[in-house]
Amino acid sequence: MIYTKEIEIGGKKLTIETGRFAKQANGAVMVRYGDTMVLVTAVASGAKDDIDYFPLSVEYKERYFAAGKFPGGFIKREGRPTEKEILSGRLIDRPIRPLFAKDYNNDTQVAAFVYSYDGKNDADVIAAVGASAALTISDIPFLEPIGEVRVGRVDGKFVCNPTFEEIEASDLEITVAGTDSSIMMVEGECKELGEADLLEALKFAHEEIKKIVQMQNELRAECGKEKMIVEEKEIDENLVNDVNSLAHDKYAEIVSSVLTKEERSAKNSELNESVQKELAEKYPEQEAEIGNILHDIEKELMRSQILETGKRLDGRSTTEIRSITSEVGILPRTHASALFTRGETQSLTTLTLGTKGDEQIVDGLNEEIKKRFILHYNFPPFSVGETGRYGGVGRREVGHGNLAERALKYIAPEEEKFPYIIRINSDILESNGSSSMATVCAGSLALMDGGVPVKCSIAGIAMGLVLESNKYAVLSDILGNEDHLGDMDFKVAGSEKGITAIQMDIKIQGISFEIMEKALAQALEGRLHILGKMSETIAESRPTISELAPSLLFTKINPDKIGAIIGSGGKTIQNLQKEYQVEIYIEEDGSVSIAGNNSELAKKCKEHIKALASDPEVGKNYNAKVVKITDFGAFVEFLPGQQGLLHISQIDTKRIKDVKDVLKEGDEIRVRLVKIENGKMSLSRKVILQEKEEAERRKQDLEKDSA
């Protein structure tokens, strides 16, 4: 039987249908918004008792046929996930992950496939709604449904699920997910938006989310399966007591001590090993359970210490920022560089300025686009003192890099003002929390060090939360342990004026707007502190770019002349690039960019191109080259590819018998175009010489008169 639910969200119909597709999955729905349709399935297999984490995987796949397109490349088949697919998958994963039953440990997979795409409505938020709906109607123990929407603001008015055109005109774009009672996830970018305005946007989003949640509850009431029973893990009270007697007081001492990350890790490992060894004989094959109890002891002690005393693991107060140092210009051969260190988190970031050929081409369901601002984030294993594989970029790296890119791209200058392609690369050399926000700070410093005329400085900070019943503490600039043992990771980046990027994830079933308001206010205070520290290193962009960066010149030609610049088979443009040691890029509108390491050669190339594209003008003087001598005159090239006749009577002011008495092939002379008739060009050297002679006579007469 087919079940369908439909509501209006953002002025368009949102439809969820189940019972027609993928009936062997635990739950499956087809979600439609406009003409964009996404099939989402949820499947669970057997429990995995040998692991200490929840094995949830989320896959988001865009099918090119959904937009009537062929995949690029030779294979003509969708391949490895694109960045867009990875980021969209994360928008599904993050809000649903905290909402499974506590002891549920079955291998669970959510898969979303875009089957129709209308070019207006992005499939990512639709897929997230579908994931929630598929889980809600399935027998998988999903605690409660979520809704997810995108919010923009056009002309001061909030828009739910804006089209791409509306996003272009908007001063914010945030994706918000939540349950009926609270917000679960936020991700997005803004144009220096104030904290109060952002909070209003979240409240606006939540009203729409509640409608989507209600829709799913109604669907579950009609066709939902009975949830599988998750048996609570039996707790051996004797084991708990024995572990506590051995570890509680020692852990309390470690938690209350101010230690570095390595010192704390070493003391924790030493204590854990001693407890495991002590209890190995009494409780054989319970090593994992002992480890879980030890973890819970540390978690409880850390959280209670923060809530009761306001003291954190490194001795800071809840609002205090770790020590900050920064340097710029430390790598001699890069176009710019910055080293930003906050506590035990460090980013070494570089800036590279490129030319038109360095643009990143992004293909997908939408029309192919070109990116001129690119940020890459890398998290090598040594940054946390571990060994590991050095392979492809992980999903976490893609997500963190995207957040930092969104934070900084707002301050990048427009192409008309600064035509370079900009690449920022951040390598995390040390990590103890908030490495993506360290990337934002280092990236801002590198842009200024590189002479990029940015609008302002941008800094980022990660906020945390400890929440127990009605008591809570918001933490500024969180450590790795505070992220792991806390309830929230709330990253905010921006300038002195407002927010440019935001990302929030929580590990509990939502938080109140009161907590969010406090977190935003505390983040602003911390952000201003960090910006002040950054300004001590570099307060504004350097006046010039690095001498190592390519020289970039521009000109505009008549589009009808593009063929003349390119030449037959590209011969002309290839010769120009070789002769002047440059790269030349020509747009369809006649815009020409010339890039080279030698600025003088680039300037000469620009003049050559302008000459190639110019039309002959009667009365204008030209530098010309003699290409052929005849009895009646000389043929000269006065524009690239343009020749004219310099008649023997127009060569000199005096009468000459033989052209060779005055000119020879290869001579460079100054001529004037005096006539164009039936496509033939008539030139004169004589009139220029006469003008020179007349000017010289006038000068001599003036000198006589003055004498």
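## Briefing: sheets, rings and selected residues

The structure holds eleven aromatic pairs. Rings of Phe, Tyr and Trp (its six-membered ring) pair if their centres lie within 6.5 Å; planes under 30 degrees apart count as stacked, over 60 as edge-to-face and the rest as tilted. This is a predicted model, in which local features need pLDDT of at least 70, side-chain atom pairs count only at pLDDT 80 or more, and totals for chains, interfaces and linings use all residues. Residues are numbered from 1 along each chain as its sequence is written, and side-chain values use heavy atoms, with hydrogens and water left out.

**Aromatic rings**

- A pair of aromatic rings is described by the distance of the centres and the angle of the planes.
- F100 and Y104 form a stacked pair, with 6.0 Å from centre to centre and 10° between the planes.
- Both F100 and Y104 are buried. Buried means under 20% relative accessible area, exposed means over 50%, and partly exposed lies in between (1.4 Å probe, protein chains only).
- The pair of F113 and Y115 is tilted, because the ring centres are 6.4 Å apart and the planes stand at 40°.
- Y115 has 37% relative accessibility, so Y115 counts as partly exposed.
- Ring pairs also link F54, F100, Y104 and F142 into a cluster.

**Charges over rings**

- A charge sits over a ring if NZ of Lys or CZ of Arg is within 6 Å of the ring centre and within 35 degrees of the ring normal.
- The charged end of K203 sits over the ring of F513, at 5.9 Å from its centre.
- R396 lies over the face of F379, and here the distance to the ring centre is 4.3 Å.

**The sheet of six strands**

- Helices (H or I, at least four residues) and strands (E, at least two) are DSSP runs, numbered from the N terminus. Two strands pair if DSSP finds at least two bridges between them.
- Six strands form an open sheet with mixed pairing, in the order β1-β2-β3-β4-β6-β5.
- β1 (3–9) and β5 (56–62) stand at the edges; each has a single partner strand, so one side of each is left without a neighbour in the sheet.
- Neighbouring strands of this sheet are turned by 15° against each other on average, direction ignored. Axes are lines fitted to C-alpha atoms, for helices over the stretch in contact, and angles run from 0 to 180 degrees between N-to-C directions.
- β1 and β2 (residues 12–18) run antiparallel and are joined by seven bridges. I9 has K12 in β2 as its bridge partner.
- Helix α4 (residues 195–223) packs on the sheet and touches β1 and β2. Its direction makes about 170° with that of β1. Contact means heavy atoms within 4.5 Å.
- β4 and β6 also run antiparallel, with nine bridges between them. V43 is partnered by Q109 in β6.
- β5 and β6 run parallel, joined by seven bridges. E59 has A111 in β6 as its bridge partner.
- Helix α1 (residues 83–96) lies across β5 and β6 (106–116), running at about 140° to β5.

**T36 in strand β4**

- T36 belongs to strand β4 (residues 36–47).
- T36 has 0% relative accessibility, so T36 counts as buried.
- The side chains of T36 and D118 are joined by a polar contact of 3.0 Å. A polar contact is a pair of N or O atoms within 3.5 Å; within protein, one must be able to donate a hydrogen and the other to accept it, and residues adjacent in sequence count only if both atoms are side-chain atoms.
- Leaving aside neighbours within four places in sequence, T36 has contacts including V31, Y117, N121 and I126.

**The sheet of three strands**

- A three-stranded open sheet has the order β22-β24-β23 and antiparallel pairing.
- β22 (551–556) and β23 (582–586) stand at the edges, each with a single partner strand, so one side of each is left without a neighbour in the sheet.
- The twist averages 20° from one strand to the next.
- β23 and β24 (residues 591–596) pair over five bridges in the antiparallel sense. E583 stands opposite A595 in β24.

**Positive phi in two loops**

- D155 is not a glycine, yet has a positive phi of about 55°. D155 lies in the loop between β7 (147–154) and β8 (157–160).
- D155 counts as exposed, because its relative accessibility is 79%.
- N161 also has a positive phi, near 50°. N161 is in the loop between β8 and α3 (164–168).
- N161 is buried, with a relative accessible area of 10%.
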